[in-house]
Every structure is written in C-alpha cells, then in structure tokens.
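Me: I would like to go through this structure with you and ask what stands behind some of the terms used for it.

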Amino acid sequence: MIRFALAAVAVLFAAIPARAAVYIQEITSPGGITAWLVEEHTIPFAALEIRFKGGGTLDAPGKRGAVNMMTGLLEEGTGDLDAQAFAAARESLAASFGFDARDGSLSVSARFLTENRDEAIGLLRGAMVEPAFDPDAIERVRAQILSILGSEAKDPNEIARRTFDELAFGDHPYGSQINGTPESVAALTRDDLLAAHRATMARDRVFVGAVGDITPEELGALLDTVLGDLPETGAPQVDRAPNLLSGGVTVVPFDTPQSVLLFGHEGITRDDPDFFAAFVANQILGGSGLRSRLTREVRVNRGLTYGIGSYLVNMDQADLVLGQTSTVNARVSESLDVIRDQWADIAENGVTEDELNEAKTFLTGSYPLRFDGNGPIARILAGMQMQGLPIDYVATRNDRVDAVTMEDVRRVAARIYRPDDLHVVIVGEPEGLEASN
Amino acid sequence: MLRRLGLAGLASLSIAVPGKAAEITDFILDNGLEVVVLEDHRAPVVVQMLWYRVGAADEPPGQSGIAHYLEHLLFKGTDTVDSGEFQALVAANGGSDNAFTAQDYTGYFQRVAADRLDLMMQFEADRMTNLKVDPAEALTERDVVLEERNQRTETEPGALFNEQRQAAQYIAHPYGIPIVGWRHEIERLTLDDAMAFYDTHYAPNNAILIVAGDVEPDEVRQLAEIHYGPIPANPVIGPRDRVDEPPHLAERRVMFSDPRVAQPYVVRTYLVPERDPGAQDDAAALRLLSEVLGGSSATSVLGQSLEFKDKSAVYTSAFYSGTSLDDTTFGFVVVPAEGRSLADAEADLDRVLTEFIETGVDPVQLERIKMRIRANQIYAEDDISALARRYGAALTSGLTVADVQAWPDILQSVTGDQIVAAAERFLRDEVSVTGWFMGEGDQEVTQ
C-alpha cells in the first residue's frame, strides 16, 4: 500500500517552473512589417499565424456573412490556379493553410516545410493578396454555407448562442452571427466579397507570430512577400457594443431530452486593474478541470450535468461573464437554483484561502504547458499582440496572478458576479420553469 | 546523446532531414507492464498515459457502458486517496488530466511539468490496484454518465444515426454496441459490476505505460519499477477472445429520420480488415484508397467528380482508420446538393466507384498523397502528445512498436494497382451498410 506524505507534496508545489521558456524576438521586415518570432530549429518546418483585427464585425450594413464567405473563398483559387489546381499545388508541397473568420479577427494559420518554403509562401501570398473569387467557387462555397446555416438552425447550442447574442448586443455586429442568414448569404455578390477583402485584410491591422525553423532575416523577407501588397488601410473598426442584458430567463422551446443553458451578464475589461483578480475568481467559480465550485456542486455532488463552466469573455468591444451547461429537462430548475446560489455565494462571501492558493498554483503552473508546439506558440504570439500585451508579458504574467490577494478576489467577486442581473437562455423543454421575459 | 530507435522510415525519404525530436525506447517490466518512452526535450513538460488493453468491446453481455462507467469511477478514490484528490493534486501542480474509453482500450493521462512525473506515477499506479468507491458517489456518477449520453448522443441526431448504423454493421461482434452504452443498460449498471470488471482487467500485464516529453528512458524505467513494479501480474488475463463475425451475405440499409435533421446525407460503410501485426499491407491499401477517393474535396476522386464537376454534392468524404483490434469499417459520406435526393446521392456514389475501378489511380494524385504522408511524420514530431496517443492506440489494438514504425514505409510502397485491387476486393455490397440520414418529410421526397 502506498502512503502519501503531504509535507513532501507541499514542498513540490514551490518547485513548479512558473516561467514559459520561450525567447521571443520582435523583428521588422525591410518593408516595415513587424512580427514576433520564436526560433526553434529542431524540426524542419515553421508555423506562421497572421491575424487581421476586425474580422466579421467589419461586414458592411446588410451584408452579414460577407467576411465569412470571403474567407472561405481564399483557398479557392488565385491567378492561373483554380480551386482544384490551388489545392493540388498546396498538397504537393505538403503545406497547410487555414483561413478562419471570427467576430474580432480574421486569422491565417500556415505550416510549411523548410525545404520548399519559398514555393509555399508564394502560394499563400496568391491566396491572400490576389484571391480569384471565381463565380463557380462562389456558388460552391455559398451552397456549403447555406447547408451549415440550415444545420445550425436546428442545433440547440447554436440556437442558445444566437439568442443570447441578440439579447445582449441587439443591432451591433456582436448581436448577429458571422455566418450571416440564409437571406443575407443568398444575396451576396462578387463585389461584396471584394469589398469585404479590402475592408478586412489590410496592413494597418495585422499581427504576426512565427515559430520554427526560420531566421529573422528569412521571416522579414517572407512578411514582405505575403503582406507587402495588401492595402495600407481597411475599414474602420466598430464602436463599443451596448449592453442590453437584464436579469431574467428566456426559454426557446426545442424538442430534445436535454436542455442547453447559457447564462451571463456584463463582464470586466481586459485592462481593468482588477482583471487578474477576476481571472482567478473565475477559475474558482467555474474554471477548467473538475475542481471548480460549479463543477463540484452541479456535476460531482448532484449528477445534474456532464459539463459546466464559466468564462470571462473579452471581445474587443464588449466584455461578458458567461456560463454554460446542459442538463436533462426534468432537472433544469434544480440546476439553475444551484448555479444562482453559487453566483450569489462567491459575490457575498468571496473565496477561501485554500481555493485561492489552489487556483493560483493551477493557473501559474498550467501557463507554461500552453506553449506546446510551433503552431500553438505562433497563435499565442499573434493573440498577445492583438490584445496589446507587451513582449515581456510571458515572463511577467504569472507574477500578476501570484499578486492577487484574498481582498482582491473578494472585491472583484462582489463587483462582477451579480446574480440578479444573470440572464439565462434555455433551449429545450425545461420542466417547472417560467420564462420571465 | 545516442539516437535510439529513432523514427524508422525517415532515413529513406527523398525529402528533408529527419527531425531530432521524438526518440523512442520501449521495455517490459517483470510484471508484464509494457513501457514506451517518447523523448522530446524542447519543453520541460511530460505526459504520462496509462493504457489498458480493455475497452467497450470487452464488456459482459447486458452491461454495455461498464468500461466507460468504470473510467469515470477511477477518479473516485482508493484505499488511501480521497475522491477527487488525484485530480486536485494534478491541478495544484498546474497540470491537466483526463481519461478516455474506446472499443479496444481505456486510457488515463496527465500532462504536467517534467519534474512531476514521480508523483503522477505514484497516484496512477495506486489506482491500478487499490480503487475504492463510495456507493452513493457511484450512483451520482451514473447520473453524470447518463447526462454525458444525453449531451453527446440523445441530443445529436447524427450520433444516434451512427449508433444505428454501427449496430447494423456488426451482426455478432461487440463493435455494434455503443461505447457509452445503451441507455437502458447504463441505467442498470452497478458499482459491483464495475468493480468486477476492474478486478478482471486492470493489472500491469494488461497495460501499457507511455511517457512522452522531457524525460530520459533510464529515469522512466527507474520510476516505473518503483511505482508499478510491486503490483503483481493478474494470472487470469489471457488473450482477448471476442465473438467472431459470421459471413455477411446481405447488404443492409438503415433509414433514420429525426425532425432535428436539417441536412440529409448518405453514409455507407463496409466491413474491412484492420492493421494486423506483421501484416499491414491490406490496411495500407485501404488507407490510401480512402485518401484517393475522399481525402480532400478539391483533389479527391469523389470531390472532383461530385462537388466540382457535377455539382451534385456539397460535401463528400471517405474514411478508414486501420487501428483496431478486430475488423473495422471503410466508409463514404455524400451530402447532396439542394434539390438532389438521397437516392440520387447514392447513385452518384455508385457511379463514381464503378468509374474509378475502370480508370484507376491518377499517379500524380498518388504522389501528392505520399508526399503529405511523409511530411506528416515531420509535423507529427511537433505534437508529442498526439504521437503518444498514436502509439497507445496501436499497441492496445494488437500492434507492436515495430509495426507502428514500419507503417510509413508500407504506406509509401502501395501502388495504384494495389489500391484498385483493394477497392474491388473489399468494397462489396454484401458487407455494406447504407444509411440515409433524413429530416421530416425527406423520405417522401426520396422514394
């Protein structure tokens, strides 16, 4: 039988390598484009992450879905290459390019071998700078998006998200979905796509992270090739979103055995002096793993769900505290009571010293584990720049977590968790529950 | 440092220098525990994975879901460790952990800073043999499992459709039973059932320990001897005997309809061989067949024909995973374009298959696919956890480390003629299940 010495465990806690061991260089290309680079020459390939701030929020009025559809068409041909020839060329180089539009950013995630980097980068440049937007490809991608929209309209998670966004943000772009509607997508023209391309993919809003087998000089030349011919400026960014949420319950009837619950209210900004205290508080209330209060009370102790979590959502122009779970229809009311009690309890009573220490050790210890491979690190580098974080952030971030005190958590929890303001969207056939608006 | 086994196959490539990450060492402890060490010294991180050679397909009749339910209960404490304590320890050390159950295996893992390996092994070894669960907690956890089934299956018509198709694909073999279990059987599972399953299957001579990351093989061996070494082998564990599938003599059809379905589609699967130790040629041909027919929309035979040329489908795909203990499936998906029926989609699929067998494989396409497979070996070294999972799945499916290392070369050796021959030999109507996934009213349109 094995006995565990708790004292030894406590000593081990102190030995956690709380620093992420990456050396980030800021480089500027001959053409004046900056990027963050981590050189890692062990494996002969590199990962490149390019983000354009704005993304789907830059859809022109009445053209919802244009940026999304345009992004879907970037890999559908350029110059002499139609969609099939482009894919064949990319595959013969064993490079991969991912193009993804979200509300807030349009991202390009590329991965290419050292041995044929120049050819791969040439293809990537074509896709980004001179996409063909061939009519045939437009109709093919339009049909795919319409099919996806049809499926989303019958997906309870998607219905919950749409309902919540609409209630929270109304007519602001955050209040609608990046895929658009069947009507808006059906009406999009090639000119709309060209306009969406000009609006989103411009050099005044680009952030780049690169990791792998590439030198600063090579990366500089690459940046000028890929980005140098994009327009200098794009569309203006959107204004701050209104906060239209008020406390209550919205039920969307849907014939399914398990209800989806999405709940939340206004959150805390990323640059608030108490942001890190809020970050730690959220870890305790509903953070990842099976250790959070919500998971303990709703899943472990009562078996009401397979999963529950809470999140600080920081978009560029809005901030939310959000939670999500799903539970069998007959027990929705019980789940909701537990969630509300937990929301109120942390706001009134704060957290315990043990909870605070455990959350801090988890958050500081898990941070280095995120730096896991070239692609993930490149994404972190681009994301940090877009959020306006300093280049030494990786080295100082854990100190900010460690500096959070009991008093900080108590203060911020009382401020950001507001049970009376909680708006709950339920999609399903919940029993014993009245919608309050 | 001396290179140990290295990644076989890389040396013979026409492209690229072999990567320097991911060196592999394997050995077996006296009690039968097989240990595989994958080295990656780029970051001070380690993953411990303990894989048991037991999965849903090894369950007693009428107790579907017991392997998965037991996986949940492994987090509920031992003689000396409280429920949730191991997870708390992992979290307090900044790590992440989880577990997974498949038809052929059950696995547990932690990802932590490399100097935490000792502690992780201590707790993982403990729950290999000292599990002790409070009966009330076991009942609550069964509710969690039912909610998991609700979330992943009952609310997902596509998942319900897969269950029905899979049940039709296997006449006798347990792969026809869902991993999570049938609802009515989950509802009746007991802690005693789970403990009996645990006592029968959880032992060092039925497990594979994979440690991947910033570690030295000697250090891993030493720690494994300390923590897993003292656990005795279970003499009851023998070969994994499962029910044999009888000959399939009739093609089967599954007509699934659910009002929540917005986009109808056709899925057809065929019962085909899996990768066998020392005999992976058929599986390699099938793997390449799936790439040629439905690997990527813009360059595969199905995509080019149906999505690009005819515009009769919005999406097509072919799939095959050869890592399986017993016979597995090869499948196709065709999502018809607006205005096309499922009967049309099925006819399109049949026509493209017939044409393909007549025309054969485009050698340029085949070379592109092989180039991608070669490059994926390089990319794979960047994700040591994924590499560890690949070894774990292979070794619990009857393959050896040598088989895993030989696989890339075998894939490179497959010819276009062999791919066509595999299609003719294995894609036969009488071993197939064709499923129609329909919303309300789709049936009338398609008949």
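Reply: Among what covers the buried residues of α1(B) are β4 (96–101), β5 (106–113), α4 (135–154) and α7 (191–201) of chain B. This is a predicted model, in which local features need pLDDT of at least 70 and side-chain atom pairs count only at pLDDT 80 or more, while totals for chains, interfaces and linings use all residues. Residues are numbered from 1 along each chain as its sequence is written, and chains are lettered from A and ligands numbered from 1 in the order in which they are written.

Me: Why is helix α1 (residues 66–73) of chain B called largely enclosed by the rest of the structure?

Reply: A residue is buried if 20 or more other C-beta atoms, placed from the backbone, lie within 10 Å of its own, exposed if 12 or fewer, and partly exposed in between. Seven of the eight residues of α1(B) are buried, so the helix is largely enclosed; B:His68, B:Tyr69 and B:Glu71 are among them.

Me: What puts the buried residues of α6(A) on the same side of the helix?

Reply: In α6(A), the buried residues are A:Pro156, A:Ala160, A:Phe164, A:Asp165, A:Ala168 and A:Phe169. They cover an arc of only 165° around the axis, which puts them on the same side of α6(A); the arc is that of the directions from the helix axis to the C-beta atoms.

Me: Which residues are in contact with B:Val334, leaving aside its neighbours within four places in sequence?

Reply: Contact means that the C-beta atoms of two residues, placed from the backbone, lie within 7 Å, and the partners of B:Val334 beyond those neighbours include B:Tyr265, B:Leu306 and B:Leu349.

How values were computed:
Helices (H or I, at least four residues) and strands (E, at least two) are DSSP runs, numbered from the N terminus.
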